[in-house]
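Where does this protein leave open space, and which parts of the chain surround it? The report below takes up pockets, a helix pair and a salt bridge.

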Amino acid sequence: MLTFFSEDSRLRQARTELHDGALVRPFECPERIDLVLKHIRQAGFEVRNPDAYGLEPVRAVHDAGYVRFLETCWQAWQVAGHQGEAIPNIWPARSMRGDHIPRSISGQLGYYALAAETSISEGTFDAAMGSKDAALGAISHTLETQEPSFALCRPPGHHAAFDQFGGYCFFNNAAVAAQHALNAGKRRVAVLDVDFHHGNGTQQIFYSRNDVLFASLHGDPDVTFPYYLGYADETGMGEGEGFNLNYPMAPGTSVAEWMQRLEQALAAIKTHECELLIVSLGVDIFEGDPISAFTFKSEDFIALGQRLAAAGLPTTLLMEGGYAVEEIGVNVVNVLQGFERENSQDR
């Protein structure tokens with residue numbers, strides 16, 4: 001399976017994350033990329049550098065003002081004389097106005113952030129650009145050849161909403177890729193999110209649309225980030241009614257139960273006659289992941305890849321979460337090899 005990766009993904013070297021009341025080194029660290037690349041190359045997969053696609057595909061799914069904010073935030077933060085990395089400390093909460101964007105960079109951070117754990121540091125914007133280029137390179141390859149592809153995206157994307165960042169995400173890579181496929185002539189695209197955390201940004205971007213079916217298997221938001229989205233009764237709005245499917249599950253959910261939910265999601269993708277499958281691949285469903293609570297073992301990811309391939313659709317997989325650094329490369333490659341094994345048997 002052809003892998004797309006941009007070296008620009010390394011340009012984000014954030015030092016700060018707010019976790020459990022302490023400032024720690026981010027779980028979303030550059031070492032994740034090195035370990036995945038190591039195992040991908042050991043497995044014999046070709047790694048290709050993507051073309052640069054610019055900002056037009058980003059603006060197709062994100063607010064133009066938000067994109068400008070991300071592009072200029074780090075410089076503005078420095079000009080304002082702030083020390084450390086850019087972290088929001090106030091939001092337009094329920095008791096405040098939400099219709100005004102302050103001139104202050106501190107106020108803008110709060111307006112455009114959905115959480116406080118994700119800092120903006122030097123190189124963040126360029127890394128996000130490289131990450132979406134990897135996604136676009138992969139989806140373009142699948143559209144042109146009908147062959148599966150994998151994008152090693154860093155930073156991830158599924159928490160990034162129309163005009164908000166958070167959860168380590170800045171541009172929504174899955175949404176950018178889905179819109180690119182629609183622009184290329186696909187009638188309906190499925191985005192299947194298997195990350196432990198709900199893809200709130202992807203849901204929000206497509207919630208009122210029927211050309212993208214979004215299905216997400218994730219930890220119950222009553223007890224799991226992002227808390228305020230991802231419940232089973234969120235099924236879409238207007239033309240999008242019935243095109244948003246959430247499968248929240250309790251911490252400790254077994255692999256067998258998780259796979260049952262996957263079968264339900266794949267059946268819905270077939271029923272809705274989707275022509276292309278984009279997988280938001282989070283391997284943080286692994287039992288040893290430090291910020292998740294599902295029970296996958298490394299060998300279970302082979303079965304996941306096989307089941308995704310059995311859906312029989314042109315497929316692009318995009319890297320999302322996965323923070324058990326020692327195992328992340330093994331788990332990603334197991335998905336890809338499982339997919340290829342099933343794919344070759346079907347031919």
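## Elements around the largest pocket

This is a predicted model. Three elements each give at least two residues to the lining of the largest pocket: strand β2 (17-19), helix α4 (105-112) and helix α7 (200-206).

The largest pocket holds about 1000 Å³ of space. Its lining counts 44 residues. Closest to the pocket centre are A115, E117, F225, P226 and Y227. By class, the lining has 23 nonpolar residues, 14 polar ones and seven charged ones.

## The second largest pocket

The second largest pocket has a volume of about 160 Å³. Which elements supply at least two residues each to its lining? They are α3 (64-79) and α5 (124-145). Helix α5 gives the largest share, with four residues.

The lining can be read off by residue. It includes L70, E71 and W74. I120, S121 and G123 also belong to it, as do T124, F125, D126 and A128. F170 is another lining residue. Six of the lining residues are nonpolar, three are polar and two are charged.

## Helix α5 against helix α6

Helix α5 also packs in a pair. Its axis and that of α6 (residues 173-183) come within 9 Å. They cross at roughly 35°, and the crossing is right-handed.

On the α5 side, the contact is made by S131, K132, A135, L136, I139, S140 and L143. On the α6 side, N173, V176, A177, H180 and A181 take part. What is the make-up of this contact by residue class? Seven of its residues are nonpolar, four are polar and one is charged.

## Salt bridges

How many salt bridges does the structure hold? There are 15. One of them joins the side chains of D34 and R10, with an N to O distance of 2.5 Å.

D34 sits in helix α1 (residues 31-42), while R10 sits in the loop between β1 (2-4) and β2, so this pair ties together parts that lie 24 residues apart in sequence.

## Points to look for

In the viewer, start with A115, E117, F225, P226 and Y227, the residues closest to the centre of the largest pocket. Then turn to α5. This helix gives four residues to the lining of the second largest pocket and crosses α6 at roughly 35°. Finish with the salt bridge between D34 and R10.

Terms used:
Residues are numbered from 1 along each chain as its sequence is written. This is a predicted model: local features need pLDDT of at least 70, side-chain atom pairs count only at pLDDT 80 or more; totals for chains, interfaces and linings use all residues. Side-chain values use heavy atoms; hydrogens and water are left out. On a 1 Å grid over the protein atoms alone, a cavity is a set of points where a 1.4 Å probe fits but cannot get out, and a pocket is an open set with protein on both sides within 12 Å along at least five of seven lines; lining residues have an atom within 4 Å of a point. Grid points are joined across faces, edges and corners, and a volume is the space filled by probe spheres set on the points. Ala, Val, Leu, Ile, Met, Phe, Trp, Tyr, Cys and Pro count as nonpolar, Asp, Glu, Lys and Arg as charged, and the others, Gly among them, as polar. Axes are lines fitted to C-alpha atoms, for helices over the stretch in contact, and angles run from 0 to 180 degrees between N-to-C directions. A crossing is left-handed if the near helix is turned anticlockwise from the far one by less than a right angle, and right-handed if clockwise. Contact means heavy atoms within 4.5 Å. A salt bridge is a side-chain nitrogen of Lys or Arg within 4 Å of a carboxyl oxygen of Asp or Glu.
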